[in-house]
Amino acid sequence: MSDEKHPLFEALRAGERKVHEFDIRELIGLESLTEWGGKPLEKVAIRVARKIEQDAAVDMATMYAEKSAKHASGDPDVILDAKAAAIVATCFRDLRRPHVLSVWPDAEQVCRTLNADQIGALLNLYNQVRRVESPDKKEITADELAAVISMCVAAASTTIPEAVLAKIERVKLEQMFILLAIQLHEARKDEGDGNG
Amino acid sequence: MWSPDPPKSLAPERLFRLLLSARPSLPIPFRFAGLEQHTLTVGALSAQHFADSEDATSHLSGERRTSWFWAHVISQCLESAGRRVFDDAADVLGLSETQLSALRRDVESTLSVVSPSYSFSNWVTWHARLVVGADHHLNAGAYRGLAASYDIGGGIAQPRVIERPDRYYGVSLCQLTDAQWMVYRAARALYESRYK
């Protein structure tokens with residue numbers, strides 16, 4: 001094999017990694033969050049993990065789960081929480097030097113600083129960034145939305161809608177909610193026009 | 001997603017010609033953002049390639065094993081301008097997780113077409129489709145040339161056919177891919193049904 005790398009690989013390697021700037025203070029309801037040195041932390045950068053970083057985050061999570069919950073380290077919930085903390089530690093970066101410094105050094109520090117709801121809120125934010133950067137732009141179609149609405153109406157008296165919706169990704173649910181809000185707004189406007 | 005059955009989108013005669021080539025390959029729709037001018041193709045891998053990828057990752061477990069296995073496979077089969085894009089699995093894992101999952105989806109589905117395997121594919125269905133493909137008038141010369149690659153052994157009392165697709169492909173028997181064996185056996189089946 002030639003020592004020379006493929007031009008496409010070189011271009012990929014040379015490409016600058018995108019960072020997305022966010023003010024997370026309100027999101028996690030934590031005004032007192034400070035960076036190293038005691039200065040209040042205002043904005044952070046979110047950077048989508050490379051696969052190798054994500055694998056390292058999984059390792060970090062496994063180690064943290066083993067350390068923090070010795071008797072329940074194999075519990076899927078413990079592992080899942082640790083993975084969320086590890087991905088937050090990996091992808092939330094210092095805005096001034098995002099490719100060098102992370103906001104939290106590891107999963108343990110994330111768990112020491114934040115509660116489960118705050119970690120969940122940050123993970124949702126990260127997943128939104130992933131969706132923005134994803135090459136797969138899967139938009140919800142009107143037919144898909146109509147099918148979900150029909151299912152919810154037909155099975156409203158059962159637990160089926162909750163069970164089905166629980167399996168849908170949060171980002172898709174957000175899209176559905178926005179589309180539904182637009183449809184409702186249009187319907188109300190039409191109704192108003194008809195009455196007027 | 002790996003499809004065990006032959007693709008319906010490709011006519012049997014085209015499928016036969018595709019697998020007849022020394023190293024079948026097909027373009028994939030995936031493009032790297034900002035580098036869309038680099039078209040990508042997926043080339044066939046032998047069962048040995050898959051086994052090597054399995055062996056190279058056997059010391060790992062869980063998600064890490066899966067991601068390294070596919071990174072290994074992608075590094076061996078993904079090409080652009082006739083050259084492998086990635087030298088090894090570590091290069092592939094430098095991609096973002098969202099890029100890699102979209103890339104893997106296209107690679108996996110295309111590999112299942114250019115590299116059908118006796119281990120992962122529904123080879124009975126493949127055989128039936130390839131026999132139909134071999135029977136197309138444009139493939140008459142090719143299928144006869146392939147089907148005629150055999151020896152007669154076993155003596156005069158009990159003559160038997162010894163399969164020699166290696167002669168057609170110009171490689172040793174151990175280097176033949178499962179796809180080449182499938183296309184050979186389809187050609188032989190048609191030949192036997194015509195001339196016996």
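Predicted model: local features only at pLDDT ≥ 70, side-chain atom pairs only at ≥ 80, totals over all residues.
Colleague: OK, chain B. How many helices and strands in its secondary structure?

Modeller: Nine helices and six strands. Those are DSSP runs, helices being H or I with at least four residues and strands E with at least two, numbered from the N terminus. The C-alpha trace of chain B spans about 60 × 35 × 25 Å along its principal axes.

Colleague: What share of chain B is buried?

Modeller: 47% of its 196 residues. Buried means under 20% relative accessible area, exposed over 50%, partly exposed in between, with a 1.4 Å probe and protein chains only.

Colleague: Which residues touch the most other members of the largest nonpolar core?

Modeller: B:F32, B:L78, B:F86, B:L103, B:V107, B:L111 and B:L130, out of 56 residues. Such a core is a set of buried Ala, Val, Leu, Ile, Met, Phe, Trp, Tyr and Cys residues joined through side-chain atoms within 4.5 Å. Helix α9 of chain B, residues 178-195, gives the most to this core, with nine residues. There is also a second, separate core of 30 residues, which includes A:L41, A:A82, A:A89 and A:W104.

Colleague: Back to B:L130. What is it in contact with, beyond four places in sequence?

Modeller: B:L15, B:F16, B:L19, B:M182, B:V183 and B:A186. Contact means heavy atoms within 4.5 Å.

Colleague: Now α3(B) and α5(B). How do their axes cross?

Modeller: At roughly 65 degrees, coming within 11 Å. Axes are lines fitted to C-alpha atoms, for helices over the stretch in contact, with angles from 0 to 180 degrees between N-to-C directions. α3(B) covers residues 62-77 and α5(B) residues 97-114.

Colleague: Which residues meet there?

Modeller: From α3(B), B:T66, B:W70, B:V73, B:I74 and B:C77. From α5(B), B:L100, B:L103, B:R104, B:V107, B:E108 and B:L111.

Colleague: Switching to chain A. Where is A:V48?

Modeller: In the loop between β2 (43-46) and α3 (51-68) of chain A. A:V48 is buried, with a relative accessible area of 4%. Its contacts beyond four places in sequence include A:R17, A:Y126, B:S96 and B:T98.

Colleague: And A:G120?

Modeller: That one lies in helix α6 of chain A, residues 116-133. A:G120 counts as partly exposed, at 27% relative accessibility.

Colleague: Last one, B:A81. What is its phi near?

Modeller: Near 50 degrees, a positive value in a residue other than glycine. Most residues other than glycine have a negative phi. B:A81 lies in the loop between β3 (78-80) and β4 (83-84) of chain B. B:A81 is exposed, at 79% relative accessible area.

Terms used:
Residues numbered from 1 in each chain as written. Chains lettered and ligands numbered in written order. Heavy atoms only, no water.
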